[in-house]
Amino acid sequence: MEARTNILQVLFHLIVMVLAGVHAMPVPTNVPICTASETAQYSLTFTGKWTQAAFPKQYPVYRPPAQWSNLIGVTHSSDYHMWQRNEFASNGVREFAEKGEAWTIMKEVEAAGERIQSVYGILSAPAVMGGTGQMNTEFEVFARHSYLSFIVRIIPSPDWFVGVDSVDLCDGDHWKENVGFTFSSPNFETMPQDRITQITSSFPSHPANSFYYPRLKHLPPIAKITLTKIKKTNQIISLPVEPTQSNQLPTGNEIEDTLINTPLDCEVSVWSPWGLCKGKCGESGVQHRTRYILMHPANNGAACPLLEEERKCFPDNCL
């Protein structure tokens, strides 16, 4: 019988990212060679964790509400990249991230497979119609094409997406069993045209950025990916409850996968100019200035400061 064993946990406490133009794909050097003799099958589960509690700032509740696009991915060799952080996006990635249109990116994938035989398989999973929920798919890898890449669009957004770039599932002569990767943001496309960039709690630094939480060191998890190796066996082996953390990441980047209520501080406008001085001639008067609330606090964030201020003055239009 078949049993899914040895979970390959890939946690994406995801990074929202931004796009850019067409990029060249450099030929890698000193790439480890996979000598695994058999193919391997994996199941992939994408779990959305984009909640109003974790991301209260400008969280989309309607027209349209928070949701995830379908997943598009490929298994490939080391000389191919679907997308890369800090590199320009291809036209296909741009169209998918901005509009959700997959035609161009699929043509790019097919062309790469025909030209340099770098793409082995294409995988997809249905959209998640909400900020939380799951999508599932299965795929196969083998020694020549042991890498996985995919992209999922964040809806609504101008061009934000989450995904992985070239995760190698092979380790020498065998397939990896227990590996974890942790991320804490999305990707996006800057205007004017620039490179694919990771969104963090402090970048972009504009207060209007929906993911701008300068009090946080890392953004909360926005999604999780679980890769489970499917293996033929006559015995069902129990799966570990906790994912294995990646050795590639410092412990400071590890984020517990718990219910998170991100504090949202109150944001107010700048002060208005001082108003007219009101008072009798020859005596001190009072003048006022005001400001208004841009963002109400949530989840025990800092309360709003005073919205009106006054000071003493002396009328200057007395006769």
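Close-up 1. Strands (E, at least two residues) and helices (H or I, at least four) are DSSP runs, numbered from the N terminus. The model is predicted: local features need pLDDT of at least 70 and side-chain atom pairs count only at pLDDT 80 or more, while totals for chains, interfaces and linings use all residues. Residues are numbered from 1 along each chain as its sequence is written, and side-chain values use heavy atoms, with hydrogens and water left out.

**Close-up 2. The disulfide of C266 and C304.** This is one of three disulfides found in a search of the whole structure. The sulfur atoms of C266 and C304 are 2.0 Å apart, and 95° about the S-S bond makes the link right-handed. C266 lies in the loop between strand 13 (223-232) and strand 14, and C304 in the loop between strand 16 (293-295) and strand 17, so the pair ties together parts 38 residues apart in sequence. C266 is buried at 14% relative accessibility, whereas C304 is partly exposed at 29%.

**Close-up 3. The disulfide of C34 and C170.** Look here for an S to S distance of 2.0 Å and a torsion of about 85°, so this disulfide is right-handed. C34 lies in the loop between strand 2 (17-18) and strand 3, and C170 in strand 9 (residues 170-171), so parts 136 residues apart in sequence are tied together. C34 is buried at 13%, and C170 is buried at 5%.

**Close-up 4. The salt bridge of K57 and E267.** The structure holds six salt bridges, each a side-chain nitrogen of Lys or Arg within 4 Å of a carboxyl oxygen of Asp or Glu. In this one, K57 and E267 meet at 3.2 Å, N to O. K57 is in the loop between strand 3 (40-49) and strand 4 (67-76), and E267 in strand 14 (residues 267-268), 210 residues apart. K57 is buried at 1% relative accessibility, while E267 is partly exposed at 22%.

Key. Buried < 20%, exposed > 50% of the residue type's maximum accessible area, 1.4 Å probe, protein only. Disulfide = S-S within 2.5 Å.
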